[in-house]
Number of protein chains: 4
Amino acid sequence: MYNNIHEECGVFGIYKPHNADVAKTVYYGLNSLQHRGEEAAGIAVNKDRIIKCVKDLGLVSDVFDDGVFDTLGDGNMAIGHVRYSTSGNSTKVNAQPMLIKHIKGQMALAHNGNLTNSLELREELEQKGCIFHTTSDTEVISYIITGERLNSPSIEEAVTKAMYKIKGAYSLILMSPAKLIAARDPMGFKPLCMGEMSDGSIVFSSESCAFATIGAKFVRDILPGEIVVIENGNIRTINEHIGRVSHSSMCLFEYIYFSRPDSILDGISAHDFRENAGRSLSIEHPVDADIVIGVPDSGLEAARGFSKEAGIPYEIGLIKNKYVGRSFIAPDQGMRVDKVHMKLSSVSSVIKGKRVVLIDDSIVRGTTSKQIVKMVRDAGAKEIHMRISSPPFLNPCYYGTDIDSKDNLIACKYSLDEIRDYIGADSLGYLSVDAALSILHKLSEKDYLEHDGMKVDRGYCTACFDGKYPTDIPKETDKLRFEI
Amino acid sequence: MYNNIHEECGVFGIYKPHNADVAKTVYYGLNSLQHRGEEAAGIAVNKDRIIKCVKDLGLVSDVFDDGVFDTLGDGNMAIGHVRYSTSGNSTKVNAQPMLIKHIKGQMALAHNGNLTNSLELREELEQKGCIFHTTSDTEVISYIITGERLNSPSIEEAVTKAMYKIKGAYSLILMSPAKLIAARDPMGFKPLCMGEMSDGSIVFSSESCAFATIGAKFVRDILPGEIVVIENGNIRTINEHIGRVSHSSMCLFEYIYFSRPDSILDGISAHDFRENAGRSLSIEHPVDADIVIGVPDSGLEAARGFSKEAGIPYEIGLIKNKYVGRSFIAPDQGMRVDKVHMKLSSVSSVIKGKRVVLIDDSIVRGTTSKQIVKMVRDAGAKEIHMRISSPPFLNPCYYGTDIDSKDNLIACKYSLDEIRDYIGADSLGYLSVDAALSILHKLSEKDYLEHDGMKVDRGYCTACFDGKYPTDIPKETDKLRFEI
Amino acid sequence: MYNNIHEECGVFGIYKPHNADVAKTVYYGLNSLQHRGEEAAGIAVNKDRIIKCVKDLGLVSDVFDDGVFDTLGDGNMAIGHVRYSTSGNSTKVNAQPMLIKHIKGQMALAHNGNLTNSLELREELEQKGCIFHTTSDTEVISYIITGERLNSPSIEEAVTKAMYKIKGAYSLILMSPAKLIAARDPMGFKPLCMGEMSDGSIVFSSESCAFATIGAKFVRDILPGEIVVIENGNIRTINEHIGRVSHSSMCLFEYIYFSRPDSILDGISAHDFRENAGRSLSIEHPVDADIVIGVPDSGLEAARGFSKEAGIPYEIGLIKNKYVGRSFIAPDQGMRVDKVHMKLSSVSSVIKGKRVVLIDDSIVRGTTSKQIVKMVRDAGAKEIHMRISSPPFLNPCYYGTDIDSKDNLIACKYSLDEIRDYIGADSLGYLSVDAALSILHKLSEKDYLEHDGMKVDRGYCTACFDGKYPTDIPKETDKLRFEI
Amino acid sequence: MYNNIHEECGVFGIYKPHNADVAKTVYYGLNSLQHRGEEAAGIAVNKDRIIKCVKDLGLVSDVFDDGVFDTLGDGNMAIGHVRYSTSGNSTKVNAQPMLIKHIKGQMALAHNGNLTNSLELREELEQKGCIFHTTSDTEVISYIITGERLNSPSIEEAVTKAMYKIKGAYSLILMSPAKLIAARDPMGFKPLCMGEMSDGSIVFSSESCAFATIGAKFVRDILPGEIVVIENGNIRTINEHIGRVSHSSMCLFEYIYFSRPDSILDGISAHDFRENAGRSLSIEHPVDADIVIGVPDSGLEAARGFSKEAGIPYEIGLIKNKYVGRSFIAPDQGMRVDKVHMKLSSVSSVIKGKRVVLIDDSIVRGTTSKQIVKMVRDAGAKEIHMRISSPPFLNPCYYGTDIDSKDNLIACKYSLDEIRDYIGADSLGYLSVDAALSILHKLSEKDYLEHDGMKVDRGYCTACFDGKYPTDIPKETDKLRFEI
C-alpha cells in the first residue's frame with residue numbers, strides 16, 4: 001500500500017461516428033485510469049479537423065469542470081491522459097496530451113511509457129535545430145513522427161517509420177485532423193486495449209477497467225507492435241512491427257500492483273493474478289496462523305488467495321480511511337509515528353490474540369510496513385507473518401515506472417532477516433519471480449498473443465526484480481537537468 | 001452503499017494539561033469522524049479563557065489549512081464538529097461548534113442528535129425575546145443552558161438543569177472559559193466516549209475510532225445521562241440523569257451502518273455486529289450459492305459473516321473507485337444508467353457463471369440496488385441472491401438521522417417480492433429486527449452499561465424499522481420553514 | 001490617500017412592487033458603496049416572507065457570483081451591507097446583514113454606525129439570558145428591537161421604542177417578512193438617503209452615488225431621527241424621534257474623505273465640499289508656487305479648488321496604479337522605501353524644477369506623506385508645500401470611524417513644524433475646523449434639514465478633530481475582548 | 001476609455017551581479033506594465049544557468065504568490081511578460097516567457113509586437129520538420145534564433161542573423177544560460193528601454209514607468225535595431241541593424257493611449273504628448289464652453305491641455321469606480337443601458353447647466369461614447385462638445401495592436417456628423433494625424449534618436465489612422481486557424 005512506486009501514465013481515446021460530447025466520455029474513462037497517474041490530466045477534442053486541448057496539474061475531477069467542457073466543445077474524436085504524481089509547478093508543461101502543429105496540420109499525442117534512447121534522439125533533433133518545450137518523451141516522439149511525415153504519404157506511415165527509431169516502452173494514442181491511431185511498442189511493455197460502444201464508437205484505453213464505466217464492450221488487446229488506424233469509421237491494423245522481437249515483455253508490476261483488479265491485461269485478469277499470488281505465497285512461505293489480513297486496497301486479493309490456499313480464515317482486520325485526500329495536512333514530525341494511522345485503522349476485535357498473516361503488495365523503503373506491523377501488533381496480534389505478493393525491488397526501471405532510488409530501496413541494503421527485524425514482523429516472505437511467472441503462464445490460455453492471424457509470443461519484463469532488462473538500457477540515466 | 005441516509009454529526013473534544021496545538025489533534029480526530037458528516041466542519045480553541053472558532057462548509061480537509069491553524073492558534077482545550085451532507089450556501093450558519101457569549105463569558109458547543117421538543121423550546125424562548133441566528137437545535141440548547149446559568153453557581157449545574165428541559169437525542173461537548181464538559185442524553189441515542197493520551201490529555205469522541213488516529217487510549221463510553229466535567233485537569237461525573245429512564249435506546253443503525261467498523265460503541269464492536277448480521281442473514285435467509293460478495297465498503301463485513309456461516313466462499317467481486325469525490329461531475333441523464341459504474345466495478349473473472357449472494361447494508365429507494373444487481377448480472381452471474389444486513393426502513397427518525405421521506409422509501413411502497421423484482425434479484429432477504437437485537441445481546445458482556453457503580457440497562461432504538469419510538473415524538477415534524 | 005482611517009459600513013435596501021432579481025440591484029448598489037467597507041459583503045433577499053442571506057469576507061465582487069445569486073433567488077425586497085477592512089477569519093461572523101428569527105418571524109438588519117451604550121446594553125441583555133454570536137452592535141440592536149416587539153403591535157413601533165434605548169450613531173435598514181424599514185439616529189451621524197426607480201421600486205442607500213449606478217432617481221435624505229416604513233408599496237414616516245435633539249451631528253469626515261465625490265449628503269455635494277476645502281486652504285495657507293498637484297484619488301478635488309482660488313495651475317503630477325489590489329504582494333522590508341511606489345508614480349516632466357503645492361486629504365501616521373513628498377522631490381520639485389484638506393486628527397471616534405490609536409496619530413505627538421520636518425515638506429498647512437464648518441454653512445441652502453414640515457437644525461460632528469463629542473462617550477472604550 | 005483596442009504585451013528583464021530574488025523585482029516591474037496586457041503573466045528565472053519559468057492566465061497579482069516565488073527561487077537573471085486580454089482557456093499555451101531547450105541549452109524569450117512574415121516563416125519551418133506548440137510569433141522567433149545558433153559562435157550572433165529574417169514589430173528580451181539580451185526591431189515600432197539599479201543591476205522594460213517602481217534609474221531607450229548584450233556584467237551593443245531602415249516607425253498610439261502617462265518613450269513623455277494633444281484639439285476644434293471634463297483615466301491629460309489652451313476651466317466631472325475588476329458581474333441585457341454606470345459616475349454639481357467640452361482618447365465602436373455622453377447629459381449639461389485626442393481608427397494594425405475589426409469601427413462606417421449624432425454630442429472633433437505628428441516633432445529635442453554615435457531618424461507609424469503602413473503587410477491576415 002501507499003508505496004513510492006508510480007506508474008507513469010494512462011491513456012484513453014475515442015472515435016465516434018458523429019460529433020458529440022466525446023470529452024465527457026474521455027473524462028469518465030480517465031477517471032477509471034486515475035490510479036495510473038494522479039499528477040496531471042488532459043483531454044484533446046477534435047471537431048471538424050480542429051483540435052482543442054485542456055490540461056493541467058491535478059486529478060481528472062480537479063482539472064475538468066463544466067466551464068472546461070464548454071471550452072472543449074463537441075467533437076467526433078478525443079484523446080486523454082493522466083500523469084503520475086510528483087510535485088512542483090514547473091512540471092505543468094509536461095502534462096499531456098501534447099498538442100502540436102506541424103506541416104500537415106495539428107496532431108495530439110498521449111503516451112504511456114519511457115523511451116530508452118530518448119536522450120540520443122533529443123541530441124540528434126537539437127542538432128537539426130529542433131527546440132523543446134518540455135522534458136517529456138512525448139515531445140521527442142512528436143518530432144520523430146512529424147519528421148517522418150515530411151516524406152510519408154500518411155500519418156500512419158510516419159508512425160510506422162518512427163517506430164523503427166524510438167526504442168523502449170510506449171503505448172500511444174495519436175489524433176490527427178482525420179485519424180485516431182493507437183500504437184503499442186513491439187515489446188508490449190505497457191498495456192493498451194480496444195473497446196466498442198453500442199453506437200459504434202471505438203475506444204482505446206490503457207486498461208480494460210475503463211470500458212465498463214462508459215458502457216463499452218471490451219474487444220481485444222492491441223498486440224505488441226501493432227498500429228491500429230481509425231479513419232472514416234474504418235479500423236485497420238498495420239502489422240509491420242508485430243513480431244519484430246522474439247517475444248513480448250509485458251511489465252510484471254502491472255499485474256502485481258499498477259492495474260486495477262477489474263482490468264484484464266493481455267488476456268490475464270489482474271484480480272486473478274493477485275489471488276494466485278496469494279496462493280503461491282502460501283505455498284512458498286507457509287505458516288501456521290489463525291487469520292489472514294490484507295492491507296487495503298491492493299493487498300486484499302492476495303490475502304484472499306493465501307487464505308483459500310492455506311485454509312486459514314480471511315478477515316477484515318484493517319480499514320482504510322477514505323477521507324485522506326490530497327489537501328489533507330500530514331501530521332508534523334512530532335506526531336510522525338501516527339502517519340499510517342491517518343490512512344489505516346485496525347479492528348482489534350478481529351486481531352486480538354490472533355496469529356496474523358499480513359499481506360501487502362510490496363515493500364519499498366520499509367517505513368510504511370514497519371508502521372502497519374506495529375498497528376497490527378498494537379491491536380493485539382500474537383504473531384505477525386508478513387507476506388509480500390511481489391519479489392523484492394532491486395533495480396531501476398527504464399520503461400516508465402518511477403521506482404525509488406537504490407539508496408532508498410530496503411531490499412538493496414538489507415538481508416531478508418534484517419528487513420523482517422526492521423519492520424518488526426515474526427516472519428517475512430516475498431513472492432518469487434518464478435512463482436509470478438508460473439501464475440501468468442497458468443492464467444494464459446495460450447503462450448502467445450494473437451489477433452487475426454498475427455502472433456506474438458508471450459513474455460514479461462521482470463527487470464526491477466531480477467535485473468534482466470529486455471532491451472539495451474540508457475547510457476546516461478540521469479533525468480534531464482533542465483527544468484522547463 | 002451510497003444510500004440516502006445521513007448521520008447528523010460527529011463531535012470531538014480535547015482537554016490538555018498545557019497549551020499546545022490542540023486544533024491539530026481535533027483535526028485528526030474529526031477526520032476519523034468524517035463519515036458522520038461531510039457537509040461542514042469546525043473547530044473551536046480555548047486559550048487562556050478566550051475561545052476562537054473557525055467553521056465552514058466542506059470536508060475537514062477543505063475547511064482547515066495551515067492559515068486557519070495559524071488563526072486558531074494554540075490552546076489547552078478544543079472541540080470540533082462535523083455535520084452531515086446537504087447542499088446550499090445558506091446552511092453555512094448551521095455549521096458547528098456554536099460559539100456564543102453570554103453573561104458568564106464565552107461558550108462553545110458541539111452537538112450530535114436531534115431534540116424532540118425543539119420547536120416548543122424555540123417558541124418559549126422567542127416569547128421571552130430570544131432571537132435565533134440558526135435553525136439548529138444547538139442554538140436552542142445554548143439558550144437553555146445559558147438561561148439556567150443565570151441561576152446556577154456553575155456551568156455544569158446549568159447543564160444538569162438544562163437536561164431536564166431538552167428532550168430527545170444529544171451527545172454534547174461543551175467548552176466554557178475554564179471547563180470541558182461532555183454530556184449524553186439519558187436514553188443514550190448517540191454514542192460518546194472518552195479516551196486518554198500519554199501526556200494526560202483527556203479526549204471525547206462520538207466514536208472510538210478517532211482515538212487510534214491520534215494515539216489516544218480508549219477509556220470508556222460516557223453513560224447515558226452522564227455529564228463529565230473536566231476542570232483543572234480533574235475529571236468528575238455528575239450522575240443526576242443516569243438511570244432516569246428505564247433503559248438506554250442506542251441507535252441500532254449506528255451498528256448497522258453509521259459507525260466505522262473499527263469503532264466500539266457501548267462495548268460492542270461495529271465490525272463484530274456486522275459480521276454477525278451476515279451470519280444471521282445466512283440463517284434467516286439461507287441460499288444455495290457459489291460465492292458471497294459484499295458491496296464495498298459497508299457490506300463487506302456482513303458478506304464475510306454470511307460466507308463463514310453458510311460455508312460459501314467469500315470473494316472480492318466488486319471494486320470501489322476511490323477517485324469519485326465531491327467535485328466529480330456526475331453523468332448526464334443520457335448516461336444515467338451508468339451512474340453506479342462511476343463508483344463500482346465488477347470483477348468478471350470472479351463472478352462469471354456463479355450463483356452469487358450479494359450483501360449490502362440497506363435498501364432505501366432501490367435504484368442503486370437495481371443498478372448493482374444489473375452490474376453483477378452483466379458480469380455473468382447465473383443467480384443473484386440479495387441479502388440486506390438491516391431490516392427494511394419504514395419510519396422517520398426524530399433523533400438525528402436523515403432518512404429519506406416515506407414517499408421515497410421502497411419498503412413503504414412495495415412488498416418484498418415486488419422489491420425483489422424491481423431490483424432484479426433472484427431472491428431477497430432482510431435481516432429481522434429480532435435477529436439484530438439478538439446479535440447485540442450476544443455481543444454484550446452484560447445487559448447493562450456501568451461505570452463506577454452507576455448502571456443503565458441496555459436497550460436499542462429500532463424505531464425507523466418497527467415504529468417503536470422510545471419517546472414522545474414531535475407534534476409538528478416539518479423542518480423549520482425559515483432559511484437563515 | 002491610503003490612510004488608516006476606515007468607515008465602518010455602507011447599507012443598501014430595495015422594495016420592489018413585484019418579485020424580481022432584487023439581489024442583483026443590491027449587488028450593483030453595494031459596489032458603488034464598496035469604498036465604505038472592503039472587508040465583508042452580504043445580501044439578504046425576501047421572497048414571500050421568507051428571507052435568505054449570503055455574506056462573507058471579501059469585496060462585493062468576491063462574495064457574489066452567479067451561483068450565489070441562484071441561491072438567493074428572486075424576491076421583492078432585499079438589503080445589503082459592506083463592512084470595513086480588517087483581517088482575520090474570525091470576523092466572518094460579524095458580516096452583515098444579520099438575519100435572525102424571533103417570535104414574529106424573520107428579521108434582517110444592516111447597520112452603519114457605532115452605539116455608545118453598546119456594552120451596557122449587552123450586559124443588560126446577558127443578564128436576561130441573551131446570548132451573543134457576534135461582537136457587532138447589530139446583534140445588540142436586533143435584541144433591543146425584538147425585545148420591544150414582544151409588547152408592540154408592529155415592527156415599526158418596536159423600532160421606534162428601541163430608538164429610545166440605543167444611543168450613538170446608526171443608519172439602519174431593516175427587513176421584516178412584510179416591511180422594509182430605514183431609520184437614522186436622531187443626531188444623523190451617518191448619511192442615509194432614499195431613491196426611486198422607474199418601476200416604482202424604493203431604494204435606500206448610505207450614499208446617493210449608488211442611485212445613478214442602478215438607474216434610480218435621488219428622492220431625498222432620510223432626516224435624522226426619521227423612520228421610513230414601506231409596506232404594501234406605501235411609504236410612511238414615523239417622526240417621533242425627529243428633532244428630539246437640538247441639532248444634527250453629521251460626520252464631517254464623510255465630506256472630507258469617506259463619501260464618494262459624486263454623493264450628495266444632507267443636501268451638500270462631497271465634491272463641492274472638497275473643492276471648497278481646497279479654496280479655503282489656499283486662503284488659510286497661501287503660498288507662492290508654480291503648480292498644484294493632488295494626491296489621487298481623494299486629493300484631486302481639493303487640489304482643483306486650491307488651484308482656482310490661488311490662480312496657480314492645476315497639474316496631473318501623480319498617477320495611481322490601478323492594479324494594486326488585495327492579492328498584491330507588498331514589497332519586503334528590504335524594499336520598504338518603495339511601498340508608495342507600488343501605488344503612485346510621479347510625472348517628472350510636470351514636476352521638474354517646479355515649486356509644488358501638494359494636496360492630500362489627511363495625514364494619519366505621516367509615513368505615507370513622507371514617502372509621497374520624497375517621490376515628488378525625486379521627480380525634481382524645487383519646493384513642496386503640503387496642504388491637507390482636513391484638520392489634524394487628535395481624538396478617537398465613537399460613532400463608527402476606525403481612526404488609528406492616539407499613539408500612532410502624528411498630530412498627537414508632534415507640532416506642526418515637527419510634522420513638516422518629518423514628512424520633508426517646505427511648508428505644511430491643515431484646513432481649520434472653522435473653515436470646514438464655514439464651507440458646509442455656505443453650501444447649505446438652509447441651516448436646517450427638512451421634509452414635509454419636519455425640521456432638524458443642521459450641525460456637524462467634529463469630535464475627532466476638536467474633541468467636542470456631541471454625546472456622552474462610552475465609559476469603557478476597549479473593544480470586546482472576545483473573539484467570536 | 002475602456003475601448004476595445006489592446007496592446008499585445010509588455011516585457012521586462014533584469015541582470016543582477018549576484019543571485020537574489022530577481023523574480024520579485026520582475027513582479028513589481030510587470031505590475032507597472034500590467035496595462036499593456038491583462039490576460040496572462042509569466043516570469044522566468046535563471047540561476048546557475050538553469051532556467052525555471054512560471055506563467056499562467058491572469059493578472060500579475062493572480063499568477064504569482066509566495067508559493068510561486070518559492071518555486072522560482074533566486075537567480076541572477078530573470079525576464080517577465082504580460083499579455084493582452086482575450087478569453088479562453090486554450091490560450092494558456094501562448095503565455096510568455098517562452099522557455100525552450102535547444103542544442104546549446106535553455107533559452108527564455110519575452111516578446112512584444114507582431115511579425116508581418118510570421119506565416120511564411122512558420123511554413124518554411126514546418127517544411128523542415130518543425131513542430132509548433134503555440135500560435136504565437138514568439139515560437140517562430142525561437143526557432144529562427146535557435147536555427148541560426150547552429151551555425152553561429154554565440155547566441156547574440158544568432159539573434160543578429162535572425163533579425164534579417166523576422167520582419168515586423170518586436171521588442172525582445174532573451175535569456176540564455178549566461179546572457180541577457182534585449183533587441184528592438186529596426187523600425188522601433190514598440191518601445192524598449194534600459195535602466196540601472198543602485199547595486200549595478202541592469203533592467204530592461206517596455207516602458208520607463210516600471211523603473212520608478214523598483215527604484216531603478218532610467219538610462220536610455222534601446223535604439224531601433226539595437227541589440228544589447230549583457231554578459232558577466234558587461235553591457236555591449238551590436239549595431240548591425242541600427243539605421244538599416246530610413247527612419248523609425250514608433251507606434252503613435254503608444255503616446256495617445258497605450259503607455260502610462262508617466263512613461264517617457266524615445267525621449268518623449270506620454271503625459272506631455274497627451275496634454276499637447278488636448279491643446280491641439282482646442283486649436284483644431286475650438287468651442288465656446290464653460291468647463292472641460294476628461295473621461296478618466298486616459299482622457300484627463302488631454303482635458304487639462306484643452307483647458308489651458310482654451311482658457312476654459314478644467315473640472316472633475318466624471319469619477320471612476322475603482323472596484324470594477326475582472327470578477328465583477330456585468331449587468332444583464334435588461335440593464336444594459338447602465339453598463340458604463342458601473343464604471344463611471346458624474347458629478348452633477350459640476351456639470352449641471354454647463355456647456356461641457358468632453359475629452360476622451362478614442363472612439364472605437366461608439367457605444368461607450370454614446371453612454372458617456374448620455375450620462376453627462378443626464379447630469380444636466382446644457383451642451384456637450386466631444387473632443388477625441390486621437391484621429392479616427394480606419395485600418396487594421398499588423399504590428400501588435402488588436403484593433404477591432406473594420407465592421408465594428410464606427411469611423412469606417414459613418415461620417416463625422418453621423419458619429420456625432422449617434423453618440424448624441426452637440427459637436428465632435430478628432431485630433432488630426434498632422435497635429436499629432438507636429439506635437440511629437442515639437443516635443444523631440446532632435447529629429448533623430450542617438451546613442452554613442454549611432455543615429456536613427458525619427459518617424460512614427462500612423463497606419464491605423466491613415467493606412468500608411470511602413471512595411472509590407474501580411475498577404476494572409478487571418479489568424480491561425482488552429483487552436484492549440
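1. Let me start with the pair D and C: 41 residues of chain D are in contact with 40 residues of chain C, where contact means that the C-beta atoms, placed from the backbone, lie within 7 Å. On the chain D side, the elements giving two or more residues are helix 1 (22-32), helix 2 (60-63), helix 7 (209-214), helix 9 (270-284), helix 10 (300-310), helix 11 (339-343), strand 21 (344-346) and helix 12 (348-351). Helices (H or I, at least four residues) and strands (E, at least two) are DSSP runs, numbered from the N terminus. By class, this side of chain D has 16 nonpolar, 15 polar and 10 charged residues; Ala, Val, Leu, Ile, Met, Phe, Trp, Tyr, Cys and Pro count as nonpolar, Asp, Glu, Lys and Arg as charged, and the others, Gly among them, as polar.

2. A word on conventions before going further. This is a predicted model, in which local features need pLDDT of at least 70 and side-chain atom pairs count only at pLDDT 80 or more, while totals for chains, interfaces and linings use all residues. Residues are numbered from 1 along each chain as its sequence is written, and chains are lettered from A and ligands numbered from 1 in the order in which they are written.

3. Now for chains B and A. Here 41 residues of chain B are in contact with 40 residues of chain A. Among the elements of chain B that each supply at least two residues to the side touching chain A are helix 1 (22-32), helix 9 (270-284) and strand 21 (344-346). That side of chain B divides into 16 nonpolar, 15 polar and 10 charged residues. The copies meet through the same surface, because 98% of the interface residues of chain B are also interface residues in chain A.

4. How are chains A and B related? A rotation of 180° with 0.0 Å of shift along its axis superposes chain B on chain A, with an RMSD of 0.0 Å. The two copies are thus related as by a two-fold rotation axis. In chain B, the C-alpha nearest this axis belongs to K322(B), at 3.8 Å. The superposition is by least squares on the C-alpha atoms of residues with pLDDT of at least 70 in both copies.

5. Two pairs of chains have no contact. Chain A and chain C do not touch, and their nearest C-alpha atoms are 13 Å apart. Chain B and chain D are likewise not joined by any contact, with their closest C-alpha atoms 13 Å apart.

6. Among contacts in chain A between residues at least 6 apart in sequence, 72% join residues at least 24 apart.

7. One sheet in chain B is worth a look. Its five strands form an open sheet in the order 19-18-22-23-25, with parallel pairing; two strands pair if DSSP finds at least two bridges between them. Strand 19 (314-315) and strand 25 (427-430) of chain B stand at the edges with a single partner each, so one side of each is left without a neighbour in the sheet. Strand 23 (residues 383-388) pairs with strand 25 of chain B over four bridges, and I388(B) stands opposite Y430(B) of strand 25. Helix 13 (residues 367-378) of chain B lies across strand 22 (355-360) and strand 23, running at about 145° to strand 23. Axes are lines fitted to C-alpha atoms, for helices over the stretch in contact, and angles run from 0 to 180 degrees between N-to-C directions.

8. Finally, some backbone details to check. The peptide bond from Q96(B) to P97(B) is cis, with omega near 0°, and P97(B) sits in the loop between strand 5 (75-83) and strand 6 (98-102) of chain B. The bond from P296(C) to D297(C) is also cis, with omega near -5°. N232(B), not a glycine, has a positive phi of about 50°, and with 8 C-beta neighbours inside 10 Å it counts as exposed.

Technical notes:
Buried ≥ 20, exposed ≤ 12 C-beta atoms within 10 Å, placed from the backbone.
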